[in-house]
Amino acid sequence: MAETKFVKPKNVNGHFVKIKCKDCGNVQVVFARPSSVVTCNICGATIAKPTGGILATSGEVVEVL
Ligand SMILES: [Zn+2]
């Protein structure tokens with residue numbers, strides 16, 4: 001099984017981001033600086049991890065709110 005790669009998105013200057021789950025395509029609004037792991041509401045995949053600052057995500061940031 002391939003390891004999921006988490007990347008810190010650039011140019012995130014809002015409080016929330018819309019992240020598209022790469023496993024199921026669900027788009028979800030997530031706090032940009034989460035204090036705990038964020039999972040997809042549909043498939044349960046981990047879509048974001050806390051880093052102490054801007055989140056790191058395994059999905060795709062589709063919009064900054
Ligand atoms: Zn999903």
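The legends below describe several close-up views of a predicted protein model.

Because the model is predicted, local features are given only where pLDDT is at least 70 and side-chain atom pairs only at pLDDT 80 or more, while totals for chains, interfaces and linings use all residues. Residues are numbered from 1 along each chain as its sequence is written.

**Figure 1. Overall view of the protein, which has 0 helices and 6 strands.** From the N terminus on, the elements run β-β-β-β-β-β. The radius of gyration is 11 Å, close to the 11 Å of the globule rule for 65 residues, so the protein is as compact as a globular protein of that length. The radius of gyration is taken over C-alpha atoms, and the globule rule is 2.2 Å times the number of residues to the power 0.38. Along its principal axes, the C-alpha trace spans about 30 × 20 × 20 Å. Helices (H or I, at least four residues) and strands (E, at least two) are DSSP runs, numbered from the N terminus. Among contacts with a separation of 6 or more, 44% are between residues 24 or more positions apart; two residues are in contact if their C-beta atoms, placed from the backbone, lie within 7 Å.

**Figure 2. The open sheet with the strand order β2-β1-β6.** The pairing in this sheet of 3 strands is antiparallel. Strands β2 (27–31) and β6 (60–64) stand at the edges with a single partner strand each, so one side of each is left without a neighbour in the sheet. From one strand to the next the twist averages 35°, with axes fitted as lines to C-alpha atoms (for helices over the stretch in contact) and angles running from 0 to 180 degrees between N-to-C directions. Strand β1 (residues 16–20) is joined to β2 over 5 bridges in the antiparallel sense, and I19 has Q28 of β2 as its bridge partner. Two strands are said to pair if DSSP finds at least two bridges between them.

**Figure 3. The open sheet with the strand order β3-β4-β5.** This sheet also has 3 strands and antiparallel pairing. Here β3 and β5 are the edge strands, each with a single partner strand, so one side of each is left without a neighbour in the sheet. Strand β3 (residues 38–39) pairs with strand β4 (residues 46–49) over 2 bridges; V38 has A48 as its bridge partner in β4, and T39 has T46. Another 2 bridges join β4 to strand β5 (residues 56–57), where K49 stands opposite A56.

**Figure 4. The turns of two hairpins, with G44 in one and G52 in the other.** The hairpin of β3 and β4 has 6 residues between its strands, and G44 in the turn has a positive phi of about 85°. The hairpin of β4 and β5 has 6 residues between its strands, and G52 in the turn has a positive phi of about 95°.

**Figure 5. The largest nonpolar core, made up of 7 residues.** Its members are V17, I19, C21, C40, I47, A48 and L55. A nonpolar core is a set of buried Ala, Val, Leu, Ile, Met, Phe, Trp, Tyr and Cys residues joined through C-beta atoms within 7 Å. Strands β1 and β4 each supply at least two residues of this core. Of the 65 residues of the protein, 14% count as buried. A residue is buried if 20 or more other C-beta atoms, placed from the backbone, lie within 10 Å of its own, exposed if 12 or fewer, and partly exposed in between. Leaving out residues up to four places away in sequence, A48 touches I19, V30, P34, V38, L55, A56 and T57.

Figure 6. C21 is buried, because 22 other C-beta atoms lie within 10 Å. Apart from neighbours within four places in sequence, C21 is in contact with N26, Q28, C40, I42, C43, A45, I47 and G59. C21 and S58 are 37 residues apart in sequence, with their C-alpha atoms 7.6 Å apart in space.

**Figure 7. V64 in strand β6 and N11 in the segment before β1.** V64 is partly exposed, with 14 other C-beta atoms within 10 Å. Its contacts, not counting residues up to four places away in sequence, are V12, N13, G14 and V17. The C-alpha atoms of V64 and N13 are separated by 7.4 Å, although these residues are 51 residues apart along the chain. N11 counts as exposed, with 8 C-beta neighbours inside 10 Å. The phi of N11 is near 60°, a positive value in a residue other than glycine.
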